[in-house]
Amino acid sequence: MGVMKGGGGERVEKLKYSRMKLWMIRATTSVLLWTCVVQLTAVGQTWGPRVLKGWPSCFTHQDSSFSVIEDKVLSVPARVLPPKRVYKNNGYLMVSCNGGLNQMRAAICDMVTIARYLNVTLIVPELDKTSFWADPSEFQDIFDVDHFITSLRDEVRILKELPPRLKRRVETGTVYSMPPVSWSDISYYRNQILPLIWKYKVVHLNRTDTRLANNGQPLDIQKLRCRVNFSALRFTSQIEDLGKRVIKLLRQNGPFIVLHLRYEMDMLAFSGCTQGCNNEEVEELTRMRYAYPWWKEKIINSDLKRKDGLCPLTPEETALILRALDIDNSYQIYIAAGEIYSGNRRMASLASAYPKLVRKETLLEPSDLGFFQNHSSQMAALDYLVSLESDIFIPTYDGNMAKVVEGHRRFLGYKQTILLDRRLLVDLIDQYNSGSLSWNEFSNAVKESHKYRKGQPTQRSVLPDRPKEEDYFFANPEECLKPSSYGQVK
């Protein structure tokens, strides 16, 4: 019995030892497995897309179609945002732009640059709603506001609205508001505007057209104006997509020229140019000029102004010039303009000479343009996009659109823009109409005088005491242009 008892105790001890050993093995294995899981998780952060992508998930019962969707999502490149610029904020700058689309576009470029230079926060600019066009569009109706803000975050902080505590000042009308001096050097804003921002925390600039000088600015200033214009100011996807449709429709039918025929009623009333108008039309345009008090010039001699080259070419004059330049009448001519004054009557000779006249209204269905009706700036944005892509761009007047498009086409590789010398042309036209010049003499004179007026690389003219008469920065932003072997489009 004693032997039996002792033997049984030994077996019990061995059994306990075996269980302890098994427990230790299990514990060690668990620790090792957990360590492996942690390591694999860490490695998966880097190598997961390459190594682990094909493994079945332990956490979902979705089928293999999920992997296909996941692959597509992973294949879309993430948008890389520039790093935010860190700076001490000196205050807030509000701006109200005035004028048409392209006048406001240039002003926005200047205001961003000024805000960057003063180390202030810019509030998304307010667009003009009280001008002749009475367009109710907000900034975000025309431009991609999120792209505008994020693409410039490495230069300047831009907010969609003031912080609440400062917004109440606007609501109560207690914000300091003023128009800056036209054609000012950047130092004016440092010495005159920045102290006001320090004092009031918020300053509102209520006029923004041509408020920064064309020349004499630091290179960084000029390059930032270009960056805003050519990169940050992108139209909304709705405008961009419709513009691409128009361009595609035009390209399907061969080369096309954009003719910026600035012969709308407001242009004629403002300028006082009445060449070819009957007495009733002259009276109508005069009444309109007197109806707008901010149009300061009231008594205008149309004939003298035309001879000085200060009037837009008429549709009839434009037809002669296109023919004299040997523009092929098989080309499509896209009219980038609003409603032409006395349309059918005045457009007859141009339509006869160039039967492939088109407009966005004739290329698109009314439903396509329904959203843009009564929004002149959005319509102008469509014309802007088409103008950039045309084989040749020809403005009949050097207004804001003509100048800004000219500069943008230079930036895109000196795309051909025929810059008409109106003062010379009206004299040649009058000589031809009077019989003093034959057609060949007239045509040769027109072609010879415009040989070097096709958007080739050139330096801006600088007139320190006459900034209105010197070359506009946005028409020829030479500081931002690459040297190019210019090739003429025939």
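Visitor: Which side chain meets K305 in a salt bridge?

Guide: Start with the general idea. Side chains of opposite charge can pair when their charged atoms come close. In this predicted model, K305 pairs with E297, at 3.7 Å from N to O. That counts as a salt bridge because the cut-off is 4 Å.

Visitor: How many salt bridges does a search of the whole structure find?

Guide: The search gives 27. One of them links R211 and D209, with the closest N and O atoms 3.1 Å apart.

Visitor: Is R211 buried or exposed, and what about D209?

Guide: R211 is buried, with a relative accessible area of 8%. D209 is buried too, at 15%.

Visitor: What is the distance between the closest N and O atoms of D391 and R251?

Guide: They are 2.9 Å apart, and the two residues form a salt bridge.

Visitor: Where do D391 and R251 lie?

Guide: D391 lies in the loop between helix 17 (376-389) and strand 9 (392-395). R251 belongs to helix 9 (residues 237-251). The pair therefore ties together parts that are 140 residues apart in sequence.

Visitor: What is the relative accessibility of these two, D391 and R251?

Guide: D391 has a relative accessible area of 22%, so it is partly exposed. R251 is at 38% and also counts as partly exposed.

Conventions: Residues are numbered from 1 along each chain as its sequence is written. This is a predicted model: local features need pLDDT of at least 70, side-chain atom pairs count only at pLDDT 80 or more; totals for chains, interfaces and linings use all residues. Side-chain values use heavy atoms; hydrogens and water are left out. Buried means under 20% relative accessible area, exposed over 50%, partly exposed in between (1.4 Å probe, protein chains only). Helices (H or I, at least four residues) and strands (E, at least two) are DSSP runs, numbered from the N terminus.
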